[in-house]
Structure formats: structure tokens, C-alpha cells
Amino acid sequence: KTLRIGIRIKFLVKFFLINIKFMTIKSITVYCSSSDKLSNKYYQDAEEISKLISSFKINIVYGGAKVGIMGVVAKTAKKYKNRVIGVIPNFLSEREIIFENIDELKIVDNMSERKKLLFELGDAYLALPGGTGTLEEIVEVVSWKVMGIHKKPIIFFNKNNFWDNLFQQFKFFEDENFSNKNLQNSFHIIDTVDQLKNIIIKWQK
């Protein structure tokens, strides 16, 4: 009986420490587009979001580019003296889209290594509007959370219903028993910057 109690105490301590770790949000990985051809509204939202994150001094981890929404996120963060870490593969850095005026730039061999570092360096994940690359990255961290690989917060910025088709597909997966029923509960959906602010405030407590 004493042994069972001791084992249970060790388990509870380990569980508590793990959850404390995941509640301490010091960095957020931002997944987003590198396109310069978008409507200006997307860049304006990105600027506002980066400014908000920087006001809480939460480090930004992102894809390392100086163009598109990526560039806006990084440049805005640096404008407000926040720490920015970029991760970019060799073949993209050679196209002169790399943003060198950040605090730390990690150039990796391929996209798989890039995704691995973006995952490891973030204490939370935020999906802004993006294309197939952004979709691949954020769906992977959602899938890993459902499988229990991590417990980190995941947020979709869904202004103007940008991600609604993805959420409908997730629902279809669940309805047809292709996915675990907790899939839709594995992430937050927001459509305003104020909602993101409220989440970050909760992280600080």
C-alpha cells in the first residue's frame, strides 16, 4: 500500500511539472504565408498580432523570410524590440528572401528539419492565413496533439472565416470516424486580436 501511494505521488508530481512546463509560454511559433501578393488586410492583421505578442515579450519563432506575412510578423516584432528566431531551409535562403535582421537565424538542410525546429522552439502555435505550407505545418501539430505527443496550445486566427473549410473537413473526419472525437477540442479558434490578447493574459497567470 505504501509503495502504491509513493508511486501515485511520483506520478502526480510528474504530471504537475509537465503541465507547469506547458503553461509557461515564452515563445510562440507563427505559421503564415510568405506571399507578397495578398490583400493588404492580411498584412495589417499580421502587424497588429505581432505588435500584441511583442507587448507581452513572448518570443516569436517563424519561417525566416522577409517577405509576405512572415516578413510583416518579423519586422513588426523587431520594431517593438521583441526577440525573433527564424528557421529556413537552404534552398529558400538562396532565393534572397531570407531576413537577416533578426536575433537568431537557423538555416537547415530541408523542410523536414525546418518543421522539426519550428515545433521544438515553440511553446505554443499560431496559424495565420497561409497556403499549403502553412496548412501542412499546422495540421501536423494538431495531429501530434491529438496523438498525445504534446500538450501545447494551438490557435487558429480565423478572421473572415479563413480556416472554416478546414474545420468542416475536421468535422467530416469525426462524423465518419476517421478521427478522434477530441480533434475539434485540440485547438482554439479566434477571429479578433482581442481574443488573442485574452488568451495570452491567461498564459501569464
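Q: How do you know that the 12 residues of α3 span what they should?
A: At 1.5 Å a residue, α3 should span 16 Å, and its end C-alpha atoms lie 17 Å apart, so the two values agree. Do keep in mind that this is a predicted model.

Q: What makes α3 largely enclosed by the rest of the structure?
A: A residue is called buried when its relative accessible area is under 20%. In α3, 9 of the 12 residues are buried, so the helix is largely enclosed. Among them are G68, I69, M70 and V73. The cover over these buried residues includes β1 (27-31), α2 (40-55), β2, β3 and α5 (111-121).

Q: Which residue takes a positive phi just after α3?
A: That is K81, with a phi of about 60°.

Q: How do you know that both faces of β3 are covered?
A: On one side V84, G86 and I88 are buried, and on the other I85, V87 and P89 are buried too. For the strand, residues 84-89, this gives 6 buried residues of 6.

Q: Why are β2 and β3 said to pair?
A: Pairing takes at least two bridges. Strand β2 (residues 59-62) and β3 have 3 bridges in the parallel sense, so by that rule they pair. From β2 the chain crosses through α3 (residues 68-79) to β3, a right-handed β-α-β crossover.

Q: What makes β3 and β4 a pair?
A: They share 5 bridges in the parallel sense, against the required two, so they also count as paired. Here V87 stands opposite K106 in β4.

Technical notes: Residues are numbered from 1 along each chain as its sequence is written. This is a predicted model: local features need pLDDT of at least 70, side-chain atom pairs count only at pLDDT 80 or more; totals for chains, interfaces and linings use all residues. Side-chain values use heavy atoms; hydrogens and water are left out. Buried means under 20% relative accessible area, exposed over 50%, partly exposed in between (1.4 Å probe, protein chains only). Helices (H or I, at least four residues) and strands (E, at least two) are DSSP runs, numbered from the N terminus. A crossover is right-handed if, with the strands pointing away from the viewer, the path from the first strand over the helix to the second runs clockwise. The expected span of a helix is 1.5 Å times one less than its number of residues. Contact means heavy atoms within 4.5 Å.
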